[in-house]
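Please find below a short note on the model under review.

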Amino acid sequence: MSLKPLQTGVAFVLAFLSGNVWADYTLNMTRGVTSISHDMYRLHMTIFWVCVVIGIAVFAVMFYAIIYHRHSIGAKAAHFHENTTVEIIWTIIPVLILVAMAVPATKVLIKMNDTTDSDLTIKVTGYQWRWEYEYMGKGVRFLSNLATPAEQIKNRDVKNPLYLLEVDKPLVVPIGKKIRFLTTASDVIHSWWVPALGIKKDAIPGSINEAWAKIEKVGIYRGQCAELCGVNHGFMPIVVDARTPEAFEEWLSQQAKKDAQS
């Protein structure tokens with residue numbers, strides 16, 4: 001017997017259990033870098049484990065009934081039509097579970113929509129197919145376009161790790177400040193989605209939607225349009241460059257001077 005299949009299987013199991021593999025495992029929600037994203041993640045995991053427990057209980061009862069009440073071992077079905085107590089129990093328990101889940105979900109939803117006391121307001125406008133950012137009251141406004149080379153898009157060059165996730169001008173924001181985002185669009189419906197910030201807001205022509213974020217860490221955070229908006233929908237990425245307040249103010253001052261001169 002050849003050991004090759006066995007060796008392949010062992011290698012697969014070891015790779016599956018390795019830390020590097022799990023480090024790249026991204027099926028679950030991201031924890032993010034804002035308080036809102038943390039709240040969303042905790043709520044998601046809480047609801048997930050509640051569903052897991054319910055699923056285990058339901059399948060346990062189902063398999064118990066299948067195994068120990070099967071016809072082959074002589075089990076006979078009970079003859080009854082209604083049981084008021086059972087009907088009350090299986091109505092009340094789900095209601096209580098739903099209420100228990102609705103309370104924390106409502107708290108998170110209310111917090112997500114509380115844009116008061118913001119330190120900075122940025123208007124985000126979706127176009128086919130780019131984003132425009134306007135720092136309200138700061139005199140700064142610019143378009144952010146896809147920066148991935150056309151040669152990569154047309155498969156004439158090797159695609160880099162940030163394929164279709166690069167822009168010529170990222171959205172620069174400060175950390176530790178409450179930033180209010182106003183999303184709208186000039187043509188069709190878009191959706192401004194940055195998972196690390198816990199934000200996914202539709203940008204609708206003639207309408208303004210609000211969201212907010214208070215970023216905790218300096219870094220680059222990427223997202224994309226999450227609403228099918230036309231043939232180049234996949235070519236309007238989002239890049240958020242979070243800097244220290246001092247570095248942000250310096251950038252904002254320089255950008256305002258450039259805009260004033262142009």
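**Note on the predicted model**

1. In S2, Tyr133 is the bridge partner of Val124. The two strands concerned, S1 (residues 120-127) and S2 (residues 130-135), pair in the antiparallel sense over six bridges. Strands here are DSSP runs (E, at least two residues), as helices are (H or I, at least four), numbered from the N terminus; two strands pair if DSSP finds at least two bridges between them.

2. On the basis of the note: this is a predicted model, in which local features need pLDDT of at least 70 and side-chain atom pairs count only at pLDDT 80 or more, while totals for chains, interfaces and linings use all residues. Residues are numbered from 1 along each chain as its sequence is written, and side-chain values use heavy atoms, with hydrogens and water left out.

3. S2 also pairs with S3 in the antiparallel sense, over five bridges, and Glu132 stands opposite Leu143 in S3. S2 and S3 form a hairpin with four residues between them; in the turn, Gly137 has a positive phi of about 80 degrees.

4. These strands belong to an open sheet of five strands with mixed pairing, in the order S3-S2-S1-S5-S8. Strand S3 (140-144) and strand S8 (209-213) stand at the edges with a single partner strand each, so one side of each is left without a neighbour in the sheet.

5. In a regular strand the side chains alternate between the two faces of the sheet. S3 has a covered face with Val140, Phe142 and Ser144, and an uncovered face with Arg141 and Leu143.

6. Phe248, Trp251, Leu252 and Gln255 of H6 are buried (under 20% relative accessible area; exposed is over 50%, partly exposed in between, with a 1.4 Å probe and protein chains only). The buried residues fall within an arc of 105 degrees seen down the axis (taken from the directions from the axis to the C-beta atoms), so they line one face of the helix. They pack against S1, S2, S3, strand S4 (171-174) and strand S10 (237-243), contact being heavy atoms within 4.5 Å. The face turned away carries the exposed residues Glu246, Lys257, Ala260 and Gln261.

7. A search of the whole structure finds zero disulfides (cysteine sulfur atoms within 2.5 Å). The sulfur of Cys225 is 3.9 Å from the closest cysteine sulfur, in Cys229, too far for a bond. Cys225 is buried, with a relative accessible area of 6%, and Cys229 counts as buried at 4%.
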